[in-house]
Amino acid sequence: MMRWRVVKCVSLLLLLGLTVPAVAGECPDFLDHEQRKLHSRDSVNLCEVAAGKPMLVVNTASRCGYTGQFEGLEALHQQYKDRGLAVVGFASDDFRQEADTEEEAAKVCFVNFGVTFTMIAPTPVTGEQANPVFREINRQSEQPRWNFTKYVVDRSGKVVERFPSKVRPDDPQLIEAVESVL
């Protein structure tokens with residue numbers, strides 16, 4: 001459905017004699033899915049959030065020893081959002097450390113750590129049940145072995161680097177990888 005809207009918009013621009021932005025229609029298929037936002041009835045299509053933008057994709061859990069990394073992820077979001085970086089967190093209970101309720105998970109993210117980047121409601125990120133985004137990320141790289149695995153994805157949807165949980169968001173190698181895709 002999203003692609004049809006893009007085609008209609010591009011056609012209208014061309015009909016009016018206007019130029020078409022370079023990013024129009026350049027959204028990888030694996031992002032073109034409705035994903036429900038954390039503790040919300042609203043959903044988001046990541047093509048609307050990240051088409052033509054580099055991304056930092058992270059699987060998260062609110063009861064993990066690495067949960068404090070939300071603070072660093074938010075700092076990265078604030079530092080690089082104006083340069084086009086889209087940070088997207090995928091809450092997941094694959095490692096049995098997500099809160100019992102979305103309300104509790106949302107409180108950890110939004111209240112305790114002030115997260116403003118896109119957070120997706122709990123969804124599988126490993127195995128055959130993984131959501132479409134992580135199915136493709138796992139195909140290109142390797143699936144998360146634990147919570148807070150970070151993937152730097154370029155503008156075309158290619159995973160350029162994977163960082164395990166222990167690598168903090170302020171790690172120089174992660175920062176270098178993010179800056180390389182901006």
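**Strand 6 and its neighbours**

In this predicted model, strand 3 (residues 55-60) pairs with strand 6 in the antiparallel sense, over four bridges. Within that pairing, Val153 of strand 6 is the bridge partner of Met55. Strand 6 is also joined to strand 7 (residues 159-163), again by four bridges and in an antiparallel arrangement. Val153 has a bridge partner here too, namely Val159 in strand 7. Five residues lie between the strands of the hairpin formed by strand 6 and strand 7, where Gly157 adopts a positive phi near 95°.

In a regular strand, side chains alternate between the two faces of the sheet. Strand 6 (residues 150-153) has Lys150 and Val152 pointing one way and Tyr151 and Val153 the other way; all are buried.

**Aromatic contacts around Phe70**

The count of aromatic pairs comes to five. One of them is the tilted pair of Phe70 and Phe113, with 6.0 Å centre to centre and 40° between the planes. Phe70 belongs to helix 3 (residues 69-80) and Phe113 to the loop between helix 4 (102-112) and strand 5 (118-120), so this pair ties together parts 43 residues apart in sequence. Phe70 is buried, at a relative accessible area of 1%, whereas Phe113 counts as partly exposed because its relative accessibility is 25%.

Phe70 also forms an edge-to-face pair with Phe148, at 5.2 Å centre to centre and 80° between the planes. This pair links distant parts of the chain, 78 residues apart: Phe70 in helix 3 and Phe148 in the loop between helix 5 (132-140) and strand 6. Both Phe70 and Phe148 are buried. Together, Phe70, Phe113 and Phe148 make up one aromatic cluster.

Key
Residues numbered from 1 in each chain as written. Predicted model: local features only at pLDDT ≥ 70, side-chain atom pairs only at ≥ 80, totals over all residues. Heavy atoms only, no water. Buried < 20%, exposed > 50% of the residue type's maximum accessible area, 1.4 Å probe, protein only. Helix = DSSP H or I, 4+ residues; strand = E, 2+ residues; numbered from the N terminus. Pairing = 2+ DSSP bridges. Phe/Tyr/Trp six-rings, centres within 6.5 Å; stacked < 30°, edge-to-face > 60°.
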